[in-house]
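Hi,

Here is the structure I promised to pass on.

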Amino acid sequence: MKNQNYTAAFTVDQTPEEAFAAINNVRGWWTGEIVGSTDKLGAEFTYRYKDLHYSKQKITELIPGKKVVWRVVDASLNFIEDRSEWNGSEITFQISQQGTKTEVRFTHLGLVPEHECYNACSGAWGSYINGSLRSLIATGKGEPDQMRIGIIGAGNIGGTLARHLTRLGHLVSIANSRGPESLIGLANEIGAKAVSVTEAGNAGEIVIIAIPTKAVVDLPNGLFADVSSDVIVVDTGNYHPELRDGRIDAIDRGMPDSQWVAQQIGRPVIKAFNTIFARSLLEKGVPKGAPGRIALSVFGDSSEGKATVLGLIDDLGFDPVDGGNLDNSWRQQAGTPAYCQDLESAALRQALEEAVQERVAGYRAAEEARIRTYLAAQKASG
């Protein structure tokens with residue numbers, strides 16, 4: 001029987017360069033847990049979907065606007081007798097200009113009809129290539145079934161986000177400074193995976209940092225060095241110099257706290273989830289269009305990164321508000337008019353606009369004074 005490698009092809013209006021970029025954003029269109037860089041020649045990344053599919057791909061060709069090739073160096077497909085059927089096969093993406101359109105031709109060399117995996121695997125590839133990948137190129141949004149999300153920090157905000165995001169069906173890995181053993185109970189309860197901080201940093205297409213500002217400098221050196229550039233890093237922190245973090249000169253001199261975080265970790269960040277109390281985040285999400293729906297603002301320099309986080313906020317039951325670039329994220333720092341007020345969209349936008357940059361230190365000091373008063377009252381009441 002003549003071998004017939006599985007092939008799928010489609011055309012789009014976007015340029016070959018745009019198609020090439022989308023193909024390399026593997027987490028944007030292929031469902032599963034992906035670890036490693038997906039956009040560097042010679043890099044290797046692993047793919048895992050539940051207990052059914054594990055494979056390791058090595059990027060052997062990367063020609064901008066023309067071609068991408070992965071060689072499968074290891075695989076275990078647990079739904080067929082010969083689990084290693086993918087071993088040594090090659091996954092190729094040929095990109096070419098066809099008049100005013102761009103053609104993407106996908107071929108899995110070695111996935112042939114006589115193999116047991118052919119029917120199931122070709123069906124899955126057809127869905128991902130003709131559906132999710134094509135959508136990612138054409139609209140900027142793929143259609144993977146779930147996202148892989150790493151959360152560093154299991155306190156009030158980190159733990160609440162982990163609980164909600166697993167409920168939404170995402171693959172959540174959660175870590176803290178005490179190690180995965182301390183999180184096994186929480187992880188088992190909510191359906192997340194307890195991992196090390198390094199593993200959480202490499203967990204998927206979103207990494208959420210939900211730790212005290214002072215603890216950012218204690219993150220592992222080079223945590224994001226080998227993480228693909230398309231992975232979104234979200235900072236949820238608030239700087240509290242008197243109550244918790246000690247003085248950080250750069251922030252005290254006026255640098256937005258998330259700009260400082262980005263500087264420490266060597267990666268751009270998206271600022272989100274720092275303007276809501278954990279209890280409100282846990283209990284007050286409601287369906288889109290519900291009266292009184294609370295709004296949450298997002299700041300960042302990547303429009304794609306912001307779009308993903310804004311979409312998550314909507315999924316979590318809150319109205320998303322794009323606040324602008326990261327330089328303006330001071331507008332939602334601790335104590336500002338937008339901070340922890342459970343505002344609806346119009347009121348939140350107004351509050352962000354009303355913030356005065358010269359008063360940032362004063363806003364923060366007033367918020368810390370309020371917290372100290374609250375804690376003293378709690379202590380006095382027993």
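Predicted model: local features only at pLDDT ≥ 70, side-chain atom pairs only at ≥ 80, totals over all residues.

Residues are numbered from 1 along each chain as its sequence is written, and side-chain values use heavy atoms, with hydrogens and water left out.

Let's start with strand β1, residues 6–12. (Strands are DSSP runs of E with at least two residues, helices are runs of H or I with at least four, and both are numbered from the N terminus.) Y6, A8, F10 and V12 make up the covered face of β1, and T7, A9 and T11 the uncovered one. Its partner is strand β7 (residues 101–109), and the two run antiparallel over 7 bridges; to count as paired, two strands need at least two DSSP bridges between them. Within that pairing, F10 sits opposite V104 of β7.

The other pair to look at is β14 (residues 295–299) with β15 (residues 319–324), parallel this time and joined over 5 bridges. S297 faces V321 of β15 there. To get from β14 to β15, the chain goes through helix α10 (residues 303–316), and this β-α-β crossover is right-handed. That means that, with the strands pointing away from you, the path from the first strand over the helix to the second runs clockwise.

Now the salt bridges, meaning a side-chain nitrogen of Lys or Arg within 4 Å of a carboxyl oxygen of Asp or Glu. The whole structure has 20 of them. One of these joins D13 and K101, at 2.5 Å from N to O. D13 is in the loop between β1 and α1 (16–24) and K101 is in β7, so the contact ties together parts 88 residues apart in sequence. D13 is exposed at 56% relative accessible area, and K101 is partly exposed at 33% (buried is under 20%, exposed over 50%, partly exposed in between, with a 1.4 Å probe and protein chains only).

E103 and R105 also form a salt bridge, 3.5 Å from N to O. Here E103 is buried at 18%, whereas R105 is partly exposed at 36%.

Which residue does R293 form a salt bridge with? It is D319, with the closest N and O atoms 2.7 Å apart. R293 is in the loop between α9 (278–283) and β14, and D319 is in β15, so this pair links parts 26 residues apart in sequence. R293 is buried, at 3%.

Cheers
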